[in-house]
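Hi,

Here is the structure I promised to pass on. Have a look at it first, and then read my notes below.

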Amino acid sequence: WEALAKAQYIRDAERYAAEERVRVSHILVSREGRSFNDLTARVAEVDERIRKGEPFDLIAAEMSDDPSVELNRGSLGFIKRGDTVGPFEEMAFSMSEEGLVSEPVLTIFGVHFLRFEGREASDATAFESVRERIVKQLQKKRSQVTRDLVLEPYRGEVQDQLFAIDEDRLADGMLKLLDERIP
């Protein structure tokens, strides 16, 4: 099983490859409950405060509509591809200079300002940490294949019998059994 698991690990290397992550903070100006004019005014106010050099986390604490801002002051920590919506993800992964704040990014949630805080590629998952899981998957697959091979000659017989079942008679019999068991 060890050799089979190692071969599977090598064959599916992309599943265990390093995954790039970025660390970002954001300020969300939600569209919900705002007119277009209110939204653009709020975005302009956030943008002006960022350009003046005010601390990002303080602006986030005061102006972000993200419900988690009270706990994280806008910090989302590390995110990986697929964790966020498209435009947000595109901006987050296109940034490279730590401390840089993005231009406003429009998503289905509203307008975001992202501050880039770092990038990391996690190490590939070591074979030892997934070996047991791969072996179990291989054993399960072998068991299924073996069962299918053993049952294959009988499938025709069983299938014919399934089509010959008299469902009305079966239902009547089930009801009769239930009537006998219920006082």
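A salt bridge here is a side-chain nitrogen of Lys or Arg within 4 Å of a carboxyl oxygen of Asp or Glu. With that in hand, a search of the whole structure, which is a predicted model, turns up 15 salt bridges.

First, the overall layout. The protein chain has seven helices and four strands, and along the sequence they come in the pattern α-β-α-α-α-β-α-β-β-α-α. Of its 183 residues, 27% count as buried. The accessible surface is about 13,000 Å², with 53% of that belonging to carbon and sulfur atoms.

Now back to the salt bridges. Arg-49 pairs with Glu-54, their closest N and O atoms being 2.9 Å apart. Arg-49 is buried, at 14% relative accessible area, while Glu-54 is partly exposed at 31%. Arg-49 also forms a salt bridge with Glu-62, again with 2.9 Å between the closest N and O atoms. Glu-62 sits in helix H3 (residues 56-63) and Arg-49 in helix H2 (residues 36-51), so this pair ties together parts that are 13 residues apart in sequence. Glu-62 itself is exposed, with a relative accessible area of 54%.

Elsewhere, Glu-117 and Arg-115 meet in a salt bridge at 2.7 Å, N to O. Glu-117 counts as buried, at 15% relative accessibility. There is also a network: Glu-20, Arg-81 and Arg-119 are joined by salt bridges that share partners.

One last thing to look at is a negative surface patch formed by Asp-166, Glu-167, Asp-168 and Asp-172. Asp-166 is in the loop between helix H6 (127-163) and helix H7 (167-181), and is partly exposed at 41% relative accessible area.

Cheers

Notes: Residues are numbered from 1 along each chain as its sequence is written. This is a predicted model: local features need pLDDT of at least 70, side-chain atom pairs count only at pLDDT 80 or more; totals for chains, interfaces and linings use all residues. Side-chain values use heavy atoms; hydrogens and water are left out. Patches are made of residues with over 30% relative accessible area and no salt bridge: like charges are joined within 9 Å, nonpolar side chains (Val, Leu, Ile, Met, Phe, Trp, Tyr) within 5 Å. Accessible areas come from the Shrake-Rupley method with a 1.4 Å probe; for residues, only the protein chains shown count as cover. Lys and Arg count as positive and Asp and Glu as negative; His and the chain ends are not counted. The place of a charge is taken as NZ of Lys, CZ of Arg, CG of Asp or CD of Glu. Helices (H or I, at least four residues) and strands (E, at least two) are DSSP runs, numbered from the N terminus. Buried means under 20% relative accessible area, exposed over 50%, partly exposed in between (1.4 Å probe, protein chains only).
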